[in-house]
Amino acid sequence: MPTNALANPLVLPILGLAAEQPWHGYALFSELRSRYAYIGARNSTVYTLLNTLVEAGWLRSKPTGADRQTFQLTATGRHALAERVEYELRDGALGDRTAFMTALAYLGILSPKDAAAALQRRVDRIRQEQDCLESALDEAGSVPELHMIETHYYRDQLGHERSWLDATVRRIRSKTLAWPSR
């Protein structure tokens with residue numbers, strides 16, 4: 001776990017869910033487990049993070065009786081969510097599908113212009129990575145393909161991602177991808 005709790009990868013989906021609606025702690029935990037099974041959220045970690053996010057001013061906690069609280073996103077938390085989404089889409093590690101997919105789920109927190117710019121930046125980074133991989137494969141020359149199969153796989157995976165992102169950027173810019181009203 002990160003030494004800074006606010007750097008925990010669960011913060012992004014917790015803030016994202018809170019942007020959708022207020023949640024009771026256990027309901028939020030259940031939704032995290034259901035929607036983001038690939039993250040592997042633990043009950044104790046989620047409750048600790050909820051308290052940390054309240055202390056940071058990113059969530060507001062409201063008692064609702066019987067030792068229950070409702071957690072709601074604050075304006076500061078909305079800003080933090082938008083920053084995290086934009087960073088992961090634009091500059092997040094290309095091989096980290098978990099962080100990217102989670103950020104992609106909350107693309108609508110950004111303006112269409114900012115979303116398109118962040119995704120375009122990722123496309124540009126993918127293009128550079130593909131060029132590096134092609135060079136590595138060219139330099140490998142007579143090395144059997146099987147010995148470089150992971151490089152072939154990664155190159156092709158990036159190609160599919162780039163195609164999808166190119167199409168999505170076009171849809172955002174042409175306004176054919178419906179965007180939530182703010």
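These legends walk through close-up views of one predicted model.

Residues are numbered from 1 along each chain as its sequence is written. Local features here need pLDDT of at least 70 and side-chain atom pairs count only at pLDDT 80 or more, while totals for chains, interfaces and linings use all residues, and side-chain values use heavy atoms, with hydrogens and water left out.

**View 1. An open sheet of three strands.** The strands are arranged in the order β1-β3-β2, with antiparallel pairing. Helices (H or I, at least four residues) and strands (E, at least two) are DSSP runs, numbered from the N terminus, and two strands pair if DSSP finds at least two bridges between them. At the edges sit β1 (23-24) and β2 (59-65), each pairing on one side only. Look for the six bridges that join β2 to β3 (residues 68-73); S61, for instance, has F71 as its bridge partner in β3.

**View 2. I14 and the largest nonpolar core.** This core holds 46 residues, and I14, L15, L59, V85 and L89 have the most contacts inside it. A nonpolar core is a set of buried Ala, Val, Leu, Ile, Met, Phe, Trp, Tyr and Cys residues joined through side-chain atoms within 4.5 Å; buried means under 20% relative accessible area (1.4 Å probe, protein chains only). Helix α6 (112-140) is among the elements that each supply at least two residues, and α6 gives the largest share, seven residues. Leaving aside neighbours within four places in sequence, I14 is in contact (heavy atoms within 4.5 Å) with L28, L32, V46, L49, L50, L53 and L59.

View 3. N8 belongs to the segment before α1 and is buried, with a relative accessible area of 6%. A polar atom of the N8 side chain lies 2.8 Å from the backbone nitrogen of L10. The largest pocket has a volume of about 350 Å³, where a volume is the space filled by probe spheres set on grid points joined across faces, edges and corners. A pocket is an open set of points on a 1 Å grid over the protein atoms alone, where a 1.4 Å probe fits, with protein on both sides within 12 Å along at least five of seven lines; lining residues have an atom within 4 Å of a point. Of the 20 lining residues, A7, N8, P9, L10 and L12 are the closest to the pocket's centre.

**View 4. R122 in helix α6.** R122 lies in α6 and is buried, with a relative accessible area of 0%. Its contacts beyond four places in sequence include E88, R97, F100 and E161. R122 and D166 are 44 residues apart in sequence and 9.8 Å apart in space, C-alpha to C-alpha.

Terms used. Buried < 20%, exposed > 50% of the residue type's maximum accessible area, 1.4 Å probe, protein only. Polar contact = N/O pair within 3.5 Å; in protein donor to acceptor, adjacent residues only side chain to side chain.
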